[in-house]
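Please open the structure in a viewer and follow the selections below in order.

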Amino acid sequence: MILRTLRLKNYKNYKSCSLNFNPRFNFLCGDNGNGKTNLLEAISMLSYTKSFLQNSEPDCVKYNEDDFEIAGEFCNASGTKHTVHFSFEKSSLKKEITFNNDVIHRFSSFFGTFPLVVLSPADICLTAGSPHDRRRNFDLLISQVSKIYFDDLKSLTKIVKQKNSLLKDNLAGRKYSDESIYDLLTLWNDKLSEISSRIILKRIEFINEFQEYVKSSFIKIAGDSIKPVIEYKCDIQADVLDKDITAGRLTDIYRQALKEKTQMEMIRGLSLVGPQRDNYVFSMIKNGDRFDVRSFASQGEHKAFIVALKISEYHYLRDKLYSSSTGEPLILCDDIFSELDSNRTEKIAGMLADLNQVFVTTTDPGYINIISKYIDEKDISSFRILNGIAEKNP
Ligand SMILES: Nc1ncnc2c1ncn2[C@@H]1O[C@H](COP(=O)(O)OP(=O)(O)OP(=O)(O)O)[C@@H](O)[C@H]1O
Ligand SMILES: [Mg+2]
């Protein structure tokens, strides 16, 4: 997909804004606090139906206004135009998204229509943050290629919430007999086992494939002296998962694991088993030693890992989704070059040049000269962002 135009009304510090983008490279330049990230965030709302920064809609309405609108016109690989319109009203909390003028009711059917990868300073949470941050990141990625996965995640969240509230109520008031609480928990656990096994199988399949993408992106950025490794950890022991396990078998194993923890869950008043607790562990092999990225990597290594991860996400989405109706993903790079040495900046600039449509924010317009080494001038547009006003440079 290509984002041809973007229109904003009362979105954060933009009163109104209308932009035509380059189908290849778009530089958004401006000093701190002028609205570069806000523009990327608005684009992410059209693709993900929510902010990549997890800001709530009320926070995105311009101060002292009641509603915002974002409208984008996209163009797919065969040249067909598509429009997405996102509106939100603060007083009624009404959020409406239309795709080609039809209101979207089921987000799972829309997700992945405009595949998107975002690379931002907030991604430091991927290598330095909690399991929740990594799960959320990969859930967003897998959900763009699998509607079943998207729906399963939604069901999982709902059931875990209901089960937790049952466990909490029971702990607080003991309003159920031992027999009835066991029966109710068994009902939830049966459902959980089925959904969890599908989610886990998808995560295993994903990580096996994705691993190779990360290795090859990382080599391009940092050479082959360091190897990145991503491991998937869940409640089920790795040696059980290694074999060609079926969904049916995994469901049984899960049911058993849930049963074994039931007593403890009742004492703690909380679900203690399930994919909502999974983790992805990032490590690197350097000079024969394997070390955990979270605890031991240098700042530059964190950044290289994250950039490799995000460029891999781009290629993964492209390979999984490419068709004339979706085309290639968009990539939004917020402040990507800061903290990188000149050697890595050049390498990443070269890698970005191979991608489809790229949006890069920067406070330093000098980076355009580096990008120009890899891309024709006609394929680069730059925009000046000043206090909520964006203008294309001639
Ligand atoms: N709801 C809102 N209404 C009006 N302005 C807002 C709203 N939310 C955030 N802003 C303002 O938008 C401004 C621009 O933010 P943004 O993060 O886009 O800047 P930036 O150009 O990316 O800066 P930096 O280079 O520091 O990353 C901030 O000063 C912020 O206070
Ligand atoms: Mg910013």
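**The ligand shell**

By class, the shell around ligand 1 holds four nonpolar, nine polar and five charged residues. Here Ala, Val, Leu, Ile, Met, Phe, Trp, Tyr, Cys and Pro count as nonpolar, Asp, Glu, Lys and Arg as charged, and the others, Gly among them, as polar. This is a predicted model, in which local features need pLDDT of at least 70 and side-chain atom pairs count only at pLDDT 80 or more, while totals for chains, interfaces and linings use all residues. Residues are numbered from 1 along each chain as its sequence is written, and chains are lettered from A and ligands numbered from 1 in the order in which they are written.

Next, select Asn13, Asn32, Lys36, Thr37 and Asn38, which come nearest to ligand 1 among the 18 residues around it; a residue is near if its C-beta atom, placed from the backbone, lies within 6 Å. Then display α1 (36-48) and α2 (57-60), each of which supplies at least two residues of the shell. The largest share, three residues, comes from α1. Helices (H or I, at least four residues) and strands (E, at least two) are DSSP runs, numbered from the N terminus.

**The sheet**

Move to the open sheet of three strands, ordered β9-β10-β11 with antiparallel pairing. The strands β9 and β11 stand at the edges with a single partner strand each, so one side of each is left without a neighbour in the sheet. Two strands pair if DSSP finds at least two bridges between them. Select residues 226-233 (β9) and 279-286 (β10): eight bridges join them, and Tyr232 has Tyr280 as its bridge partner in β10.

In the hairpin of β10 and β11, with two residues between the strands, Asn287 takes a positive phi near 50°.
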